[in-house]
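Please look through the report below on one protein model. It goes from the overall layout to single residues.

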Amino acid sequence: MESFNFVGAVGATKLAHLQYIYSLLLIFWVYIVLSLYFLPAIISEQQKHPRRTTIGVLNALFGWTVLGWFITMAWACRGAGQRNLATHWSGTRKTRVLIGEIIEPDRPAAIA
């Protein structure tokens, strides 16, 4: 019959706890790295960028190149202010709506 090795049992338990902690830390760091990698896609989605799908695909494909990541980040941040500009067709006339103001191309703008 084998004798019980108390020191070995405690060491094995501590090793199991350390492996569990290291696994949790690894999962945490992978989450942080992926969040930073896809930050341009996340920003474009949050701001409802008109080209958010294209930004997300380009970020996924070329984000590993630092230049690709910076380009998609600049594109995601730059287009956020342009979402209020829309083009509408009214019959054969084209009008632009900019923050609630209708600008008709057929009439000259009134200068006040």
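The sections below cover the model, its overall layout, one asparagine and the aromatic pairs.

## Basis of the model

This is a predicted model, in which local features need pLDDT of at least 70, side-chain atom pairs count only at pLDDT 80 or more, and totals for chains, interfaces and linings use all residues. Residues are numbered from 1 along each chain as its sequence is written, and side-chain values use heavy atoms, with hydrogens and water left out.

## Overall layout

The protein has 4 helices and 3 strands, where helices (H or I, at least four residues) and strands (E, at least two) are DSSP runs numbered from the N terminus. Their order from the N terminus is α-α-α-α-β-β-β.

Of the 112 residues, 13% are buried. Buried means under 20% relative accessible area, exposed over 50%, and partly exposed in between (1.4 Å probe, protein chains only).

## Asn59

Asn59 is part of helix 3, residues 52-62. Its relative accessibility is 0%, so Asn59 counts as buried.

Leaving aside residues up to four places away in sequence, Asn59 touches several residues, including Tyr37, Pro40 and Trp69; contact means heavy atoms within 4.5 Å. The side chain of Asn59 also reaches the backbone oxygen of Tyr37 at 3.3 Å.

## Aromatic pairs

The whole structure holds 3 aromatic pairs. Rings of Phe, Tyr and Trp (its six-membered ring) pair if their centres lie within 6.5 Å; planes under 30 degrees apart count as stacked, over 60 as edge-to-face and the rest as tilted. Phe28 and Trp29 are edge-to-face because their ring centres are 5.6 Å apart and their planes are at 70°. Tyr37 and Phe38 also form an edge-to-face pair, with 4.8 Å centre to centre and 85° between the planes.

Definitions and conventions: Polar contact = N/O pair within 3.5 Å; in protein donor to acceptor, adjacent residues only side chain to side chain.
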